Amino acid sequence: MSIGIFSFFSGAGFLDLGFEGTKGFTIDFANEINSDFVRAYQYSREKLGFNPPTYGIDIDNINNLFASKKLKVIIQDSNTKRDLIGFIGGPPCPDFSVGGKNKGRDGENGKLSQTYIDLICTYHPDFFLFENVKGLYRTDKHRAFFELLKNKLRKNNYILTECLVNAIEYGAPQDRDRIILIGFKSELLLNMDIEDASEVNLKRLFNWKKFTKYDKGQVFKMNWPQKSTFGEDKYLDAPNGIARDLTVQYWFEKNNVYLHPNAENCFNPKSNKFDIIEEGDDSKKSYKRLHRWRYSPTAAYGNNEVHLHPYKARRLSGSEALAIQSLPKDFELPVDMTLTDMFKTIGNGVPFLVAKGLAETIIDFLNPQKNGKTNSKQHSQLYQSTI
C-alpha cells in the first residue's frame with residue numbers, strides 16, 4: 001500500500017516523522033509558515049537519511065496556500081501515484097489551552113483550526129488526523145466549536161472517531177494530554193467491505209489502544225517519588241515500583257543527552273531559583289524542576305514556563321527536551337537555531353512515540369487482513385501487499 005501524507009502546521013516535523021517511520025506512508029507535502037522551523041525540518045531529515053517530501057515544503061500562510069491552485073495540482077498528481085491520501089496536522093493551540101489566552105475560535109491561532117477543517121472539506125483526502133490540546137475537548141465553549149467542526153466534516157461524508165490520548169500511554173516520559181480526531185471518507189469504509197459505515201461501528205473497529213504500551217491510570221498509581229532536596233550532580237537511587245523507561249533519567253541515558261549535538265543549546269540566565277527549588281517540585285506554572293526518576297510534566301517551553309534540570313543548576317538543554325519528547329537518539333536540530341525557536345518547535349511538536357503509535361493504528365485499521373479487500377479509487381492492486 002502506498003499512502004501519501006500531506007502535513008500542515010508541520011513545525012520541525014515530529015508528527016511527520018512518526019508517519020515516515022511506519023511502512024506504507026510517504027510524506028508527499030508539508031506546509032509551515034516559520035522558515036526557521038522549515039530549516040529544522042529539512043536538517044533533521046537529512047541527518048536521519050529520510051528523503052524530503054515528494055512535492056517539497058511550502059513556506060507560506062495556510063490561508064494563502066488554500067487560496068492558490070498549487071495545492072490542488074499537487075493533490076491531483078499525488079492521487080495518480082498513491083493508493084490513498086491522508087492529511088495530518090495540529091493547528092496552533094494557545095487559544096484553546098487552559099494556560100493560554102483562551103480566545104478560542106476568535107483568536108488568530110484558533111481560526112486556523114477552522115481553516116484546517118475547511119481545507120479537508122475542500123480537497124477531500126481519504127482520511128485525516130487533527131491534533132489539539134485537551135482544552136478544545138473539555139472546556140465548554142471550546143467544545144461547542146469542536147462540535148461545529150465535526151458536524152461540518154460529517155456533512156462532507158467523513159466518519160469520525162476521537163480519543164483523548166496521553167503521551168505516557170505510548171511510552172514517552174511525559175504527562176501530556178491531547179485530543180486526536182481521525183476521520184475516514186464514508187466511501188473508503190464502504191469500499192473496505194465495512195457495510196455499516198457509522199461512527200458507532202468505527203468506534204468498535206478502530207482500536208485506539210492497540211499500539212499503546214501503558215494504561216495511564218495504572219502508571220499514575222505507581223510509587224513515583226515526590227520531592228528531593230536539590231544538589232548539583234547529587235546521586236539518587238531509583239525507587240522500586242516505577243516504570244523506569246518512563247523516567248527522565250532513562251531517556252537522558254538512552255539519548256546520551258550530554259554528548260548530543262544539541263547538548264549546548266541552553267538558556268543560561270542566572271537565578272537563585274536554580275539552586276533552591278527541590279528536585280521534583282513542578283507544582284508552579286514556571287520554574288518546574290523535573291525529578292530524574294519520574295516522568296516530565298507537559299513539555300511547554302514558551303510563555304515564560306521554565307523547566308529545570310533535575311540535578312544541575314540550569315534549565316533543560318535542547319537535547320534533554322528532545323529526549324522528553326521521545327525523539328530518536330540521532331534526531332538533531334541545527335545548533336545555530338535561536339534558542340527561542342528551538343524550544344518553541346520542540347514544545348509544540350507531537351511526541352515521536354505518540355506520532356508513531358497513531359500512524360501504526362491507522363495503518364493497522366486499513367490492513368486488508370483485518371478489514372477485507374477494497375476497490376477504492378482506480379487502483380486494483382490496493383491492499384494486496386503485506387503490510
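Among contacts in the protein chain between residues at least 6 apart in sequence, what share joins residues at least 24 apart? The share is 72%. The model described in this report is a predicted one.

## The chain as a whole

The protein chain has 387 residues, and buried residues make up 57% of them. Its secondary structure comprises 16 helices and 11 strands.

Strand E8 covers residues 177-185. Nine of its nine residues are buried, so the strand is largely enclosed by the rest of the structure. The burial applies to both of its faces: Asp177, Ile179, Leu181, Gly183 and Lys185 point one way, while Arg178, Ile180, Ile182 and Phe184 point the other way, and all are buried.

Two strands that pair with E8 can be described in turn. Strand E5, residues 127-133, pairs with E8 in the antiparallel sense over seven bridges. Within this pairing, Val133 has Arg178 of E8 as its bridge partner. Strand E6, residues 158-166, also pairs with E8 in the antiparallel sense, over nine bridges. Here Tyr158 has Lys185 of E8 as its bridge partner.

In soluble globular proteins, nonpolar side chains tend to be buried together. In this model, the largest nonpolar core contains 39 residues, and the members that touch the most others are Phe19, Phe184, Phe365 and Leu366. Helix H15, residues 352-365, contributes the largest share of this core, with seven residues. One of the residues named above, Phe184, belongs to strand E8 and is among those that point the same way as Arg178, Ile180 and Ile182.

Beyond its neighbours within four places in sequence, Phe19 is in contact with Ile5, Phe25, Ile27, Ile88, Leu129, Ala355, Ala359 and Ile362.

## Ser78 in helix H4

Helix H4 spans residues 70-81 and contains Ser78. Is this residue buried or exposed? Ser78 counts as buried because its relative accessibility is 0%, and the cut-off for a buried residue is under 20%.

Once neighbours within four places in sequence are left aside, the residues in contact with Ser78 are Phe6, Asp28, Tyr55 and Ile85.

How values were computed:
Residues are numbered from 1 along each chain as its sequence is written. This is a predicted model: local features need pLDDT of at least 70, side-chain atom pairs count only at pLDDT 80 or more; totals for chains, interfaces and linings use all residues. Side-chain values use heavy atoms; hydrogens and water are left out. Buried means under 20% relative accessible area, exposed over 50%, partly exposed in between (1.4 Å probe, protein chains only). Helices (H or I, at least four residues) and strands (E, at least two) are DSSP runs, numbered from the N terminus. Two strands pair if DSSP finds at least two bridges between them. Contact means heavy atoms within 4.5 Å. A nonpolar core is a set of buried Ala, Val, Leu, Ile, Met, Phe, Trp, Tyr and Cys residues joined through side-chain atoms within 4.5 Å.
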